[in-house]
Amino acid sequence: MAPLLEIKGLKTHFSTDDGILQAVDGVDITINKGETLCVVGESGCGKTVTAMSILKLIAMPPGRIAAGEIIFEGRDLVPLTSSQLDEIRAKEIGFIFQEPMTSLNPVLTVGEQIAESLRRHENVTRKQALERTIEMLKLVQIPNAEGRVHNYPHQFSGGMRQRVMIAMALACKPKLIIADEPTTALDVTIQAQILDLLQDMKERFGMAVMLITHAMGVVAETAQRVVVMYAGKVVEEAGVDALFADPRHPYTQGLIRSIPRIDLDSEHKTRLEAIGGSVPILINPPVGCRFAPRCKFAMNVCTAKEPLLREIAPGHRMACHLGDPQLGGAA
Amino acid sequence: MSQYVLRRLLIAIPSLLGISAVLFFVLALAPGDPFSELATNPNVPPEVQAALRARFGLDDPIYLRYLHWLFAMAHGDWGFSFVSRMDVDRLILQRLPATLYVIGSAQVLALLIAIPVGVYAATKPYSLFDQIANTLAFIGFSLPTFFTGLLFILIFSVTLDWLPFVYTTDIKATGIHYVLEMIRQAIMPVAVLGLFQAASMTRFVRSAMLDVIRLDYVTTARAKGLGQAKVIVKHVMRNAMIPVVTLIALQMPAVFGGALVTEQIFRIPGIGSLLISSILSNDTPVVMAVTFVFACLVVLFNLIADVLYGWLDPRISLR
């Protein structure tokens, strides 16, 4: 079966005063129909830019897709103009943004903002659009949807706004939902509700979800497959069980060890591990492995030669020199 | 809403009283009064002068004169102009249409230039169009109207002889010719005032647009596939216009002030030139009335700005 979305060798660069910032540098990501794929990594590792590049929602200029293909249902999106992409935006690929507080237009009612997407992509009257909008608000469990549809965003709480965002993204029943850290700005109890809702909607409409997050807990709960990104590159990709059971890249291992554990008894409890340092600035990135400066297993080869993604088990790929048979290193 | 407006109008009363008191006392400090001309006229005997001064209460203590003025004003008696020999309210009403016509047209012209240019420049920041627009705007508000006004007169009236440089209210023509002549004589003052306004407004519209264009909800709108034009008009402009509208409303009194100069240059018999000639001829009742009208305009446009703000931005409720 052909994948729904296939990103091949995507490079998104930004021109800055200090030089070219290689925010995304050769990323391959595949999403199959109906699956949930999580993209994880620290802030600044290129997750959001990758997602925004799919529908060219990055600011261009200064942003630019320097290379790569983004194939959605057999069609490359990269050469399309913005107005050609408008046919795909919201209709085929829906977006949920990180900040529900700022992602809704404050001077338009939420109903208007959901309905305008319907009216753009589907041949509906104003009245039908309103009915569908109310239906969507009910679906995302907003109480008193008939009344709330005429309210403005500031009359909703953060969690309710994120439900509105989900209703908006789902209104045209897209085949793929890209959710960019949809729960980061919400408090923990609301986070779980929103993730459940997203899961629910996904099952109901049978769409694929690309969930961008930096919370490994969210990954464990929702994903089928996981892509780990670091400094604009994919460093590991695996099924969710394999990734948590057998993380191979030192960065992934670090991410997993940095999850607080409550299930260990006091004797086994240790200080929570953190990955030292921070993501390098991607103007003139380090030669070789970009994680090497922070990696406790770094070898000489790591700063000389860039590790490429290789398959280490069926469906499990990673980019690290550790255990590479060609280098003869120890696993 | 109507309750809010009513309350604001009631609050305006004390501030207008305060303004009128300050105006009155400041004018009283100025040398000369409507009768100072009599003092230098050898044909008027001193005892007649004194009798007239006493009759009009000019030598009363200042607070009494103010109360007298206030009381008359409240009864709709705006005073009498000794220079023009007519009631002040009639005089102002006679001069107002010319001012409103020129200022109104200039504002419309300014908006017609500033909004499209500012919006388009903001959608393509640092493009050639943007840079040209910015440069012209910079030149536009750097040149004072008394300079551009004289330049226009020199070019279009004196050299080319296309347009009249004196504005008259008694055009000797009827029907369509009257209308054409009215338009012809207003072209230069409207252009001078309008372009000056447009220059600063363009830059303000542009920066208001740029503030909004990078916000998250604009990206949300783009992600809905609405298309550039709709995103700009419905999502960006709708929000960017909130501060712009407020600014324009708050600027209106300053526009009237700026019109003083323009009216003087083009000899427009409007309220501004009335004020200047009254000051020069010590016609205190007229000066007092015109400045008070300007004060009322400031209060009124402040109120309009607040009401528009509440109407444009649903987050603000006027109570």
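Two residues count as in contact if their C-beta atoms, placed from the backbone, lie within 7 Å. The model is predicted: local features need pLDDT of at least 70, side-chain atom pairs count only at pLDDT 80 or more, and totals for chains, interfaces and linings use all residues. Residues are numbered from 1 along each chain as its sequence is written, while chains are lettered from A and ligands numbered from 1 in the order in which they are written.

Start at the contact. Chain A brings 24 residues and chain B brings 19 residues. On the chain B side, two or more residues come from each of α9 (216–223) and α10 (228–266) of chain B. Helices here are DSSP runs of H or I with at least four residues, strands are runs of E with at least two, and both are numbered from the N terminus. α9(B) gives the most, with 7 residues. That side of chain B holds 6 nonpolar, 7 polar and 6 charged residues. Ala, Val, Leu, Ile, Met, Phe, Trp, Tyr, Cys and Pro count as nonpolar; Asp, Glu, Lys and Arg as charged; the others, Gly among them, as polar.

Now turn to chain A. An open sheet of 4 strands runs in the order β2-β1-β4-β5, with antiparallel pairing. Strands pair if DSSP finds at least two bridges between them. β2 (19–31) and β5 (75–76) of chain A are the edges; each has a single partner strand, so one side of each lacks a neighbour in the sheet. Between β1 (residues 5–16) of chain A and β2(A) there are 10 bridges. A:T16 faces A:G19 in β2(A).
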